[in-house]
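Please look over the chain shown here, its fold, one of its helices and its pockets. The report is meant to be read beside the sequence and the coordinates.

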Amino acid sequence: MESLLAALEGTTLAQALRASRWGYAALNAAHIFAIALLVGSVVPLNLRLLGVWRSISREAVVRVLAPVAASGLALALLTGPLLFAVRAREYSGVGFLQLKLVFIAVGVLSTLALCRSHGFLLRDAPRARLAGHAVLSTICWLGALVCGRLIAFAGD
């Protein structure tokens, strides 16, 4: 595993990012922007699934916020591994990173399962199922956010 992580750090892209203060900063900013899109849309969406803002249709909220969340997730999934590659050996042993990945996996899989069972717009989803998903999703994405931030403090 050590040799795989070293090879990842040795890629041309990882070396270029380590050598470029502004390139790494731009990548880091893109990752933060992605997380802002993701968490910033998931939290209000989950609040609506919990029954807040009942005057606004659930379908309208899902139509607007789900694509924003998906875009944020896609960008985070592109930028995160690049940030990891810069210091793969160091980051691979950080427990907060491992926990963050678990939160992300559970968050994504639970959302896919909900949409598979009830469709993208969740029209026929029982209120209890939506509430349970909203709580789990909020815990996962806020947990991933906090763990991601704590990675910076876990080294040395």
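## Basis of the model

This is a predicted model, in which local features need pLDDT of at least 70 and side-chain atom pairs count only at pLDDT 80 or more, while totals for chains, interfaces and linings use all residues. Residues are numbered from 1 along each chain as its sequence is written, and side-chain values use heavy atoms, with hydrogens and water left out.

## Overall fold

The protein chain has seven helices and zero strands, where helices (H or I, at least four residues) and strands (E, at least two) are DSSP runs numbered from the N terminus. Along its principal axes, the C-alpha trace spans about 50 × 25 × 25 Å.

Of the 156 residues in the chain, 34% are buried, a term that stands for under 20% relative accessible area, with exposed meaning over 50% and partly exposed in between (1.4 Å probe, protein chains only). Among contacts (heavy atoms within 4.5 Å) with a separation of 6 or more, 75% are between residues 24 or more positions apart. The chain exposes about 9,000 Å², and carbon and sulfur atoms supply 70% of that area, as computed by the Shrake-Rupley method with a 1.4 Å probe.

## Helix α6

Helix α6 covers residues 95–118, and its 24 residues reach 35 Å from the first C-alpha to the last, close to the 34 Å expected at 1.5 Å a residue; the expected span is 1.5 Å times one less than the number of residues. The helix is followed by glycine 119, whose phi is positive, near 80°.

The buried residues of α6 are Leu97, Lys100, Phe103, Ile104, Gly107, Ser110, Leu114 and His118. An α-helix has 3.6 residues a turn, so residues three or four places apart point the same way. The cover over the buried residues of α6 includes α3 (21–49), α4 (58–86), α5 (88–92) and α7 (127–154).

## Pockets

A pocket here is an open set of points on a 1 Å grid over the protein atoms alone, where a 1.4 Å probe fits, with protein on both sides within 12 Å along at least five of seven lines; lining residues have an atom within 4 Å of a point. The largest pocket holds about 800 Å³ of space, a volume being the space filled by probe spheres set on the points, which are joined across faces, edges and corners. It is lined by 27 residues, of which His31, Leu83, Lys100, Gly148 and Ile151 are the closest to its centre. The lining divides into 20 nonpolar, four polar and three charged residues, where Ala, Val, Leu, Ile, Met, Phe, Trp, Tyr, Cys and Pro count as nonpolar, Asp, Glu, Lys and Arg as charged, and the others, Gly among them, as polar.

The second largest pocket holds about 400 Å³, and of its 21 lining residues the closest to the centre are Leu45, Ala66, Ala69, Thr111 and Cys115. The largest share of this lining, six residues, comes from α6, and by class the lining has 16 nonpolar, five polar and no charged residues.

## Two single residues

Valine 106, which is in helix α6, is partly exposed, with a relative accessible area of 35%. Not counting residues up to four places away in sequence, valine 106 touches Leu136 and Cys140.

Glutamate 2 lies in helix α1 (residues 2–9) and is exposed, with a relative accessible area of 51%.
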